[in-house]
Amino acid sequence: MMKMLSTSRAAALLFALSALGASAQIVIGQSADLSGPVAASVKETIMGSQLVIDQVNAQGGINGEQVEVIRLDDGLDAKRSLENTRILIEDKKVLALLLNRGTPNTLAVIPLLDKYGVALVGPSTGAMALHKPLQKNIFNVRSTYQREAEKAVQHLHTTGIQRIAVVQADDSFGKDAMEGASKGFEKAGLAPAVLALADRSKPDYSAIVPQLVKANAQAVLWIGSGTAVTEGVKALRAAGSAAQIITLSNNAASGFIKELGSASAGVIVTQVLPYERSFGHPLIKEAMALAKAKGQTELSPALLEGFVATKVMVEALRRTGPKPTRARLIATLNSFQYDLGGNIDVSYSPTDHTGIDYVDLSIISEGRFKR
């Protein structure tokens, strides 16, 4: 398991980051779930992001200017995300936003981004609504949920599985991913054995699990987040089902695996970045070196997502030049091409803010991500 920060060390880190505000010339904002159902994943993402920020500041900052990231907890609640974003933009005067988490949460803040001309780089969501139609102030880094879900169904079909059930979060994230899954079913000539809708934060497993068992599902595509998925998988196993489970990259975190416990064996998680144990890959090699310098012994997909998105932000800030403004940063991003390493490219134009086009599958075995 990835070596995580203790509670006291994490608190000390947050205090240090707050103290930096007095001297930081570049202030970035983030609203994300630090205490709710996907907090474990978010904290890993922040660890990856902070590896880049710490390195930049230790080397003198960006164009001689130190960087601070102000992070506010929204508990994965869209209303709180909106208020946090207002505070960050209006009160904290942040230059840009980074790694906001959640599909409904990100959609909720678009009017504020547009009103103030603030860029959001690398939102931690693969919602198609952030790609099409083009959102002029959102610069995606990761692939879409639709591509992940489509590939997940195709993968199950190619292994000979016919009875594929779907548990779908009853929110914008779930509906978006289901569009991709539907394409996968159509290409496979199949229909879902069961399509069970689940409340985003409090799924009724007593109603969902019996549907899956009755259908004798061979596999379940579980579209949900954090504990909403881990508790569901445990309930399914307790009911005697051995169905293959596949879930999306929003759950690609060591914390998610830890929450699954003994129920993690054989669970498949789609990923949107190279496998974190591909130590010869330049991107993985760079992240691992910085992590080891901090005393962290392993990477995770969530950590890598934070690492990559922050590298994109930092490079864009470098190219913008000293004393960057919101408008100048957006202009830089709208004419941006960057090789992150190992032929993993990010490019943007005024008509395309897609980011990386990459999807892979990994199986959780003995509590770790492995092929």
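1. Glu150 pairs with Lys187 in a salt bridge, the closest N and O atoms being 2.5 Å apart; the term here means a side-chain nitrogen of Lys or Arg within 4 Å of a carboxyl oxygen of Asp or Glu. Glu150 sits in helix α5 (residues 145-158) and Lys187 in helix α6 (residues 172-188), so the bridge ties together parts that are 37 residues apart in sequence. Helices are DSSP runs of H or I with at least four residues, strands are runs of E with at least two, and both are numbered from the N terminus.

2. A quick word on the source: this is a predicted model, where local features need pLDDT of at least 70 and side-chain atom pairs count only at pLDDT 80 or more, while totals for chains, interfaces and linings use all residues. Residues are numbered from 1 along each chain as its sequence is written, and side-chain values use heavy atoms, with hydrogens and water left out.

3. Back to that first pair. Glu150 counts as buried at 14% relative accessibility, whereas Lys187 is exposed, at 59% relative accessible area. The cut-offs are under 20% for buried and over 50% for exposed, with partly exposed in between (1.4 Å probe, protein chains only).

4. By this rule the count comes to 14 salt bridges. Take Glu65 and Lys323, whose side chains meet at 3.6 Å, N to O. Glu65 is in the loop between α2 (39-58) and β2 (67-73), and Lys323 is in the loop between α11 (301-320) and α12 (326-333), so this bridge ties together parts that are 258 residues apart in sequence. Glu65 is buried, at 5% relative accessibility, but Lys323 is exposed, at 58%.

5. Have a look at Glu286 and Lys311 too: their side chains form a salt bridge at 3.1 Å, N to O. Glu286 belongs to helix α10 (residues 282-293) and Lys311 to helix α11, so the pair links parts that are 25 residues apart in sequence. Elsewhere, salt bridges that share partners join Glu83, Arg86, Glu90 and Asp91 into one network.

6. The crossing is right-handed, meaning that the near helix is turned clockwise from the far one by less than a right angle. Among the contacting residues are Met47, Leu51 and Val52 of α2, and Phe307, Lys311 and Val314 of α11.

7. Thr45 is worth a click. This residue of helix α2 is buried, at 3% relative accessibility. Leaving aside neighbours within four places in sequence, Thr45 is in contact with Leu99, Ala302, Leu303 and Gly306, contact being heavy atoms within 4.5 Å.

8. Last, α7 (residues 205-214) and α8 (residues 227-238): their axes come within 10 Å and cross at roughly 55°. The two helices are therefore oblique to each other, since angles under 35 degrees count as roughly parallel, over 145 as roughly antiparallel, 65 to 115 as roughly perpendicular and the rest as oblique. This crossing is right-handed. Tyr205, Val209, Leu212 and Val213 in α7 meet residues of α8 including Ala228, Glu231 and Leu236.

Notes: Axes are lines fitted to C-alpha atoms, for helices over the stretch in contact, and angles run from 0 to 180 degrees between N-to-C directions.
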